[in-house]
Every structure is written in C-alpha cells, then in structure tokens.
Amino acid sequence: MRANTARRRARRFYTVLGTLCVLAAVFAALVARGALRINTPSRADFPVWGVDVSHYQGKIDWETLAAQGVQFAFIKATEGSGHTDERFAQNAQGAAAAGIPAGGYHFFSFESAGKTQAENFLAALRGQAMALPCAVDFEFYGDVFQNPPAVEMVRAELRALLAALEEETGRKPVLYATARSYRMYLAGAFDDYPLWIRDVYLWPALSIPGREWTFWQYSDQGRLEGYAGEEECIDLNVFNGDAEAFQDFLAGV
C-alpha cells in the first residue's frame, strides 16, 4: 500500500513538473517571437516614444509615422569606416519635413579605427538638419559574441570616435548598448554620455541597475503603418521623461 502511494505521489510530482516545463518553454517562445511582451512601458509613464530605422524598413512615409504619434527617430547613417546606409539622406530629410526630431546613428565596428569611423559618420551627417544628438550603436555581432576583443583596446577606439563626434557636433553623442555590451565595456568608463539601452525582455532598472538612461529600446517587434521594406517590424523606443524634459533634451539643456 505504501509503495503504491509513493508511486502515485511520484507520478503526480513528475506530471506537475513536466507541465511547468512545457508552460515555461511556451512562455519563453512567445516572448522571443514578440507575441507576448512583459516589459512594454505605459504611455502614462513614458509619454514620449519613437522609432529607430534603417534601409531595412525601405521607403518610409514619415507623415504617416507622425500621424500615429511617433515623436522622435534615430536613423542609421553609417557603419564602420566605409559603409553608408543607402536611405539615410532620404530618411533624415523625410523626418525633418514631417516635424519628427531625428538623430543619425552609427554602427560601431570592432575591427575599425575610431578616427576613421568618425570621419565616415561625420561625412554622412554634414548637410543634414538633425534635431537629436548623434548616436553610436555599440553592440556585439558575428564572432564578437563569442570572442569579445580586449576591453581597453576597444574603449580607446570608442573614445576616439566619441571625441571626434563631440568636437564636430558640439554635443555628447548618445551611446546605444545592450545590457551585455554595456556591462563589459561601458560601465564605469562612459557614464557621462547619455545612454540608449536596448532590452526587449527586462526593464532597465533590472538589466542595468543604478544607471540613468535617456532612451530605451523596448521592442524590436513593433508594427506601424508607413514603411515598406524587407523588415516587417520596426524598433520602438521611449524617452525617459515627459514632453517638457524631451524639449529640454532637444535644446541641449
């Protein structure tokens, strides 16, 4: 009798455990696919929201984005020392015409000198009326995920890039980072730069506790009207403050 009771308890335990594992797997899959979002900030807490785009969104109707409430945009301009996004100029001009404050962003290359990356980025920015400060996208890609370069070497090139941008534009660039790239390279070394944190799973207070942030990319699964490119989704972001604070940021206060 005791043996039968023990077996029944064991079966119930493993049944419950198996069910929890299946539910956890389904939950993780839904979050990864963007079907379930656990970190979407409310418009009441973060009323200023915007997008970031590149040529992957194709031709963008900026008036249509503005009509949906988009209040700012970061637009890919360059990558490394030699690549320019094919739609940067059109996007920068379109955002300005639609009254959407925008800033250009540069995708940082771990294989390229900071000085030549700055030259490439600044060449693309010249002649464009950008309301937001420029931004540097500092994240891992390709082999860098598994083999991150030496910290001090990377920091030196990043400092060279940022210094050249600040000297030319007169404003500190915004630094975009994932929680991992922030912790490995930026934490404690670039705290005087505005931070644009990417985390599509956690709130910044959990992924980078104690660090102030200016922008938060909270979703890479946004769906809006007004673009027609190979990428169906659009990245969504919020500003860490109200409309008045955003105007102060635009003015460089």
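1. Leucine 206 is exposed, at 59% relative accessible area. Here exposed means over 50%, buried under 20% and partly exposed in between, with a 1.4 Å probe and protein chains only. Leucine 206 sits in helix α7 (residues 204-207). Helices (H or I, at least four residues) and strands (E, at least two) are DSSP runs, numbered from the N terminus.

2. A word on the model. It is predicted: local features need pLDDT of at least 70 and side-chain atom pairs 80 or more, while totals for chains, interfaces and linings use all residues. Residues are numbered from 1 along each chain as its sequence is written, and side-chain values use heavy atoms, with hydrogens and water left out.

3. Strand β6 (residues 135-138) is covered on both faces. Ala135 and Asp137 are buried on one side, Val136 and Phe138 on the other. In a regular strand the side chains alternate between the two faces of the sheet.

4. β6 has a parallel partner in strand β5 (residues 102-107), over three bridges. Strands pair if DSSP finds at least two bridges between them. Tyrosine 105 is the bridge partner of alanine 135 in β6. Right-handed means that, with the strands pointing away from the viewer, the path from the first strand over the helix to the second runs clockwise.

5. β6 also pairs with strand β7 (residues 174-178), in the parallel sense over four bridges. Aspartate 137 has tyrosine 176 of β7 as its bridge partner. Helix α5 (residues 151-169) lies in the β-α-β unit formed with β6 and β7, which is right-handed.

6. Next comes strand β8 (residues 195-198), parallel to β7 over four bridges. Tyrosine 176 stands opposite tryptophan 196 in β8. The crossover from β7 to β8 runs through helix α6 (residues 179-186) and is right-handed. β8 in turn pairs with β9 in the parallel sense, over three bridges. There, isoleucine 197 stands opposite tryptophan 216 in β9.

7. How many aromatic pairs does a search of the whole structure find? The count is 28. Rings of Phe, Tyr and Trp (its six-membered ring) pair if their centres lie within 6.5 Å; planes under 30 degrees apart are stacked, over 60 edge-to-face and the rest tilted. Phenylalanine 215 and phenylalanine 249 form an edge-to-face pair, 5.6 Å centre to centre with 75° between the planes. This pair links distant parts of the chain: strand β9 (residues 215-222) holds phenylalanine 215, helix α8 (residues 243-251) holds phenylalanine 249, and they are 34 residues apart. Phenylalanine 215 is buried at 0% relative accessibility, and phenylalanine 249 is buried at 12%.

8. Tryptophan 216 and tyrosine 218 have ring centres 6.0 Å apart and planes at 65°, so this pair is edge-to-face too. Tryptophan 216 is buried at 0%, as is tyrosine 218 at 4%. One aromatic cluster includes Tyr105, Tyr176, Trp196, Phe215 and Phe249.

9. The structure holds nine salt bridges. Each is a side-chain nitrogen of Lys or Arg within 4 Å of a carboxyl oxygen of Asp or Glu. Lysine 115 meets glutamate 119, the closest N and O atoms being 2.7 Å apart. The two are four residues apart in helix α4, about one helical turn. Lysine 115 is exposed at 56%; glutamate 119 is partly exposed at 43%.

10. In helix α5, arginine 155 and glutamate 152 are three residues apart, again about one helical turn. Their salt bridge has its closest N and O atoms 3.3 Å apart. Is arginine 155 buried or exposed? Arginine 155 is buried, at 15%, whereas glutamate 152 is exposed at 52%.

11. Lysine 172 and aspartate 192 meet in a salt bridge at 3.4 Å, N to O. Lysine 172 lies in the α5-β7 loop and aspartate 192 in the α6-β8 loop, so the pair ties together parts 20 residues apart in sequence. Lysine 172 is partly exposed at 28%, and aspartate 192 is partly exposed at 47%. Glu166 is linked with Lys172 and Asp192 in a salt-bridge network.
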